Amino acid sequence: MHVFEAVMNRLAVRRYEKKDVEDRIIGVMLHLATFANTPGNAQEWIFIVSRDLEIKTKLAKAALNQEWVKDAPVDIVLCADIRKSALKFGERGERLYAIESISSAAMVMMLAATELGLGTSWVAAIDEEKVKDILNLPENVRPIGILTVGYPVEEGEKFKRIDFENLTYVDRYGKKYDISYSLQPGTKYDYQLFEPLNKYVEKYAEEIKKRGKKRKIPTFEEFLRKLSK
Ligand SMILES: Cc1cc2nc3c(=O)[nH]c(=O)nc-3n(C[C@H](O)[C@H](O)[C@H](O)COP(=O)(O)O)c2cc1C
């Protein structure tokens, strides 16, 4: 699976098969997570992996009763060693960078899980003090969120995205960003980087061709929008 596909295929999964996820698979996710970026290579992350029903039940309660935290075969609690962040970057490091680092590790893990056929959900609505207590975390280790991991029993709901044109400006806030690539059937994008999208482009172009030549050919944004539905 290409990284573009993993990005587009990832979605929050909250129902899992009972089947366990092997440690070596969790290991792959954790290994990849440590390649995420951190400020000044601080690597503030601490991971707590749990399959223990008692712990997962407590975590679910601490996560405002989000039941799938208990039901997922594996919970990985992603924490930040805020002392590391503070030592390097003071208050901004502790309050902001630490959360950003852990979030980027979380996204790497979610993408890796997608590639591995696993479903995940990122649960950040937690009572931090309770989670610290449950996991016996030292004062300097702040829990940021729980990644629930398992084999999905069903496809999660695919939420519609706001089109990027409605969120992007040029130079100054308010100046619309106008992208005018157009999609021509049979034409491959010359950008090597788009290669993985080409197969979607080709498929889509084929569909349009079949429906008759009069049909309007979508712009690149329209095409991307269709992909995100
Ligand atoms: C910071 C953050 C906190 C989140 N917390 C929760 C949560 O506590 N429980 C939950 O079910 N999903 C949580 N999510 C997942 C979002 O609800 C989900 O990503 C969003 O609805 C979009 O759906 P998708 O991930 O399937 O595309 C969180 C996501 C982020 C980025």
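**Exercise 1. A residue in a loop**

How many C-beta neighbours does Phe164 have inside 10 Å, and how does Phe164 count: buried, partly exposed or exposed?

*Solution.* Before we start, two notes on the model. It is a predicted model, in which local features need pLDDT of at least 70 and side-chain atom pairs count only at pLDDT 80 or more, while totals for chains, interfaces and linings use all residues. Residues are numbered from 1 along each chain as its sequence is written.

Step 1: recall the cut-offs. A residue is buried if 20 or more other C-beta atoms lie within 10 Å of its own, exposed if 12 or fewer, and partly exposed in between, with C-beta atoms placed from the backbone.

Step 2: apply them. Phe164 has 13 C-beta neighbours inside 10 Å, so Phe164 counts as partly exposed.

Step 3: find its place. Phe164 sits in the loop between E4 and helix H7 (195-210). Helices (H or I, at least four residues) and strands (E, at least two) are DSSP runs, numbered from the N terminus.

Step 4: look across the chain. Tyr177 is 13 residues away from Phe164 in sequence, and their C-alpha atoms are 9.1 Å apart in space.

**Exercise 2. The whole chain**

Which elements does the protein chain have, and in what order do they run?

*Solution.* Step 1: count. There are eight helices and four strands in the protein chain.

Step 1: The order is α-α-β-α-α-β-α-β-α-β-α-α.

Step 2: Of the 229 residues in the protein chain, 29% are buried.

Step 3: consider contacts, meaning residue pairs whose C-beta atoms, placed from the backbone, lie within 7 Å. Among those between residues at least 6 apart in sequence, 74% join residues at least 24 apart.

**Exercise 3. The two sides of a helix**

Which residues of helix H3 (residues 53-62) are buried, and which exposed residues lie on the face turned away from them?

*Solution.* Step 1: list the buried ones. They are Lys56, Leu59, Ala60 and Ala62. They lie on the same side of H3, because they cover an arc of only 160° around the axis. The arc is that of the directions from the helix axis to the C-beta atoms.

Step 1: link this to helix geometry. An α-helix has 3.6 residues a turn, so residues three or four places apart point the same way.

Step 2: turn to the other face. Leu53 and Glu54 are the exposed residues there. Glu54 counts as exposed because its C-beta neighbours inside 10 Å number 10. From Glu54 to Lys70 there are 16 residues in sequence and 8.5 Å in space, C-alpha to C-alpha.

Step 3: find the cover. The buried residues of H3 are covered by elements including strand E1 (45-50), helix H4 (68-71), strand E2 (74-81), helix H6 (128-135) and strand E4 (141-150).

Step 4: go past the end of the helix. Leu64, in the loop between H3 and H4, has a positive phi near 55°, in a residue other than glycine. Leu64 counts as exposed, because 11 C-beta neighbours lie inside 10 Å.

**Exercise 4. The sheet**

What is the order of the strands in the open sheet?

*Solution.* Step 1: write the order. The four strands run E1-E2-E4-E3, with antiparallel pairing. Two strands pair if DSSP finds at least two bridges between them. E1 and E3 are the edge strands, each pairing on one side only. On average, neighbouring strands are turned by 25° against each other, direction ignored.

Step 1: count bridges. E2 and E4 share eight, and one of the pairs puts Ile76 against Leu147 in E4. H6 packs on the sheet and touches E1, E2 and E4, and its direction makes about 80° with that of E4. Such axes are lines fitted to C-alpha atoms, for helices over the stretch in contact, and angles run from 0 to 180 degrees between N-to-C directions.

Step 2: E3 and E4 pair over five bridges, and Ser121 stands opposite Thr148 in E4. Strand E3 (residues 119-123) is largely enclosed by the rest of the structure, because four of its five residues are buried.

**Exercise 5. Around the ligand**

How many residues surround the ligand, and which are the closest?

*Solution.* Step 1: set the limit. A residue is near a molecule or strand if its C-beta atom, placed from the backbone, lies within 6 Å of it.

Step 1: count. Ten residues surround the ligand, and the closest are Leu11, Ala12, Val123, Ala124 and Ala125.

Step 2: sort the shell. It holds seven nonpolar residues, three polar and no charged ones. Here Ala, Val, Leu, Ile, Met, Phe, Trp, Tyr, Cys and Pro count as nonpolar, Asp, Glu, Lys and Arg as charged, and the others, Gly among them, as polar.

Key
Contact = placed C-beta atoms within 7 Å.
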